[in-house]
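Dear colleague,

Please find below the structure that I am handing over to you. My findings follow directly after it.

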There are 2 protein chains.
Amino acid sequence: MIRSVFYVSDGTGITAETLGHTLLTQFEQVAFQQMSLPFINSEEKVDWAVQRINRAAEAEGARPLVFSTLIDAHLRARLGECQGAVFDFFDTFTGAMEQELGVHAQRVAGRSHGMGNVRTYSERIDALHYAIQNDDGATVRDYPMADVVVMGVSRAGKTPTCMYLALTYGIRAANYPLADDDFEKATLPAALEPYRHKLFGLTVDPERLHQIRNERRPGSRYASMEQCLYELQGAERLFKREGIPCLNITQRSVEEISAQLMQQAGLKRRI
Amino acid sequence: MIRSVFYVSDGTGITAETLGHTLLTQFEQVAFQQMSLPFINSEEKVDWAVQRINRAAEAEGARPLVFSTLIDAHLRARLGECQGAVFDFFDTFTGAMEQELGVHAQRVAGRSHGMGNVRTYSERIDALHYAIQNDDGATVRDYPMADVVVMGVSRAGKTPTCMYLALTYGIRAANYPLADDDFEKATLPAALEPYRHKLFGLTVDPERLHQIRNERRPGSRYASMEQCLYELQGAERLFKREGIPCLNITQRSVEEISAQLMQQAGLKRRI
């Protein structure tokens, strides 16, 4: 049986989805049908949300789970009348926080994933443009501004990691792809020498790399197990010889790689 | 007075941070000092976290706020002995969810931002590579695979939006920059005609665009108010004439732009 889940928010829905997803991961024995209802910021929209929830309740003969981050008390009360089991996020924590902090919550909607401070927001967007402009190792001209230079062979997760670091933490991450001629020398590529302290290596199991590359260019030399092994051994030898901290990404998501890299490299979020 | 806030997690810390950040936005009258403690997955690490929390409590003479998403009961109990006010996410919701669903929570750590299903994960990474390869409008070769083609003038938020759509929703978004010669014709650029139903426009207030471009290339023609006005008027005329849905990004974060675009374009997340 499938159980409907609704994420109801007056903003983007990101908080409601994050909380709900996290809780649902603990109930993998149940099949969920998830639906996000963002920007629910008026009576009409709440009533529309309630109708959708009620229709699901009737169709399934069970109460849908409703994760709500609505702030407005009137809208929350209205949502509370639906035929779902409502998990009201602010209701749950705000009282205890008010007591702890000795002040009243401000109850302003849409703040958590809005623009916030314009300067901080610009830093994040600039970091993303930085990552894109420094995604291929073509030039090290902008490396003096880098917070970290992520190295690794092709398809070892460098690009997603750099983009994620920028969007989430405002970190300026350059991407330096390692290629055949980097493995043949006994030294660090000369262009990287001044940035030695910013280097971070990513690596991956050869079987996984072979699989990823084969999906992209089936049967190519690039995707062959032999080539994957050659490059990975070269990269790992380089990381070890030069004392570059590194991380194996095989079992890790981009979120996990990024959080781990921040910790290992001792980086602080800029936003 | 500054109040310390700790995010304690056995995984990336993303859920704990999202939960806490969202709640803190309702208490902007208080100054918070935030610290993330991810990958707390052993007794030693919990004890280290407790020490850090206790040191902050003593230094500040007030209980730090502690947002925890630890799953393991033993580690949670140990953290509960710290001198902070602990907001325990699973403790708060799991009981009610178990009752509602009629099953026990599985209590497995690190699931919520792990890799999950490898196929789903690959789709997300492929979507990101797609967005990067289609970031400059140089070719429409891959547009048949696009879920959406985001149009707009330079620095109207296309690139961050496309990257965010890929990483968060697994959506394949191409970026088509509008340039002078697109405004001079009375038709859609011919190359875009077959993808008309996938087009989505971004626009921005001229003052804001002028400011953003001026930070990038101060005093240039590109950044001049005259040029910004010319391009934005041309873009908006094109969106209107061709019936392309569009969104003004001036007051919106990349999260808000993306959630709104998903809704207006009727896109469904792929992951």
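I begin with Thr69(B), which lies in the loop between β3 and α3 (73–79) of chain B; helices (H or I, at least four residues) and strands (E, at least two) are DSSP runs, numbered from the N terminus. Thr69(B) is buried, with a relative accessible area of 5%, where buried means under 20% relative accessible area, exposed over 50% and partly exposed in between (1.4 Å probe, protein chains only). Leaving aside neighbours within four places in sequence, Thr69(B) is in contact (heavy atoms within 4.5 Å) with Val8(B), Ser9(B), Asp10(B), Thr15(B), Ala16(B), Phe89(B) and Phe90(B).

Two notes on the basis of these values are in order. This is a predicted model, in which local features need pLDDT of at least 70 and side-chain atom pairs count only at pLDDT 80 or more, while totals for chains, interfaces and linings use all residues. Residues are numbered from 1 along each chain as its sequence is written, chains are lettered from A and ligands numbered from 1 in the order in which they are written, and side-chain values use heavy atoms, with hydrogens and water left out.

Helix α3 of chain B holds Arg76(B), which counts as buried at 13% relative accessibility. Beyond four places in sequence, the contacts of Arg76(B) include Leu70(B), Ile71(B), Asp88(B) and Arg107(B). With Asp88(B), the side chain of Arg76(B) makes a side-chain polar contact at 3.1 Å. A polar contact is a pair of N or O atoms within 3.5 Å; within protein, one must be able to donate a hydrogen and the other to accept it, and residues adjacent in sequence count only if both atoms are side-chain atoms. The C-alpha atoms of Arg76(B) and Val86(B), 10 residues apart along the chain, are separated by 9.8 Å.

I turn now to the interface. Chain B and chain A each bring 78 residues to the contact. Together they bury about 7100 Å², 65% of it on carbon and sulfur atoms; buried area is the accessible area (1.4 Å probe) that two parts lose on being put together, summed over both. On the side of chain B, Gln26(B), Met97(B) and Glu100(B) lose the most area to chain A, together 10% of what that side buries. Between the two chains, 27 residue pairs are in polar contact (both at pLDDT 80 or more). The side of chain B that touches chain A divides into 35 nonpolar, 25 polar and 18 charged residues. In this grouping Ala, Val, Leu, Ile, Met, Phe, Trp, Tyr, Cys and Pro count as nonpolar, Asp, Glu, Lys and Arg as charged, and the others, Gly among them, as polar.

Which charged pairs deserve a look? Over all chains there are 32 salt bridges, 8 of them across the interface of chain B and chain A; a salt bridge is a side-chain nitrogen of Lys or Arg within 4 Å of a carboxyl oxygen of Asp or Glu.

Another salt bridge is formed by Glu17(B) and Arg269(A) (2.7 Å, N to O). Glu17(B) lies in helix α1 of chain B and Arg269(A) in the segment after α10 of chain A, so the pair joins two chains. Glu17(B) is buried at 9% relative accessibility, whereas Arg269(A) is partly exposed at 32%.

Within chain A, Asp147(A) and Arg270(A) meet in a salt bridge (2.6 Å, N to O). Asp147(A) lies in the loop between α5 and β5 (148–152) and Arg270(A) in the segment after α10 (254–264), so the pair ties together parts that are 123 residues apart in sequence. Asp147(A) is buried, at 15%, and Arg270(A) is partly exposed, at 44%.

Lastly, Phe39(B) has a positive phi of about 55 degrees although it is not a glycine. Phe39(B) sits in the loop between β2 (31–37) and α2 (43–60) of chain B and is buried, with a relative accessible area of 12%.

With kind regards
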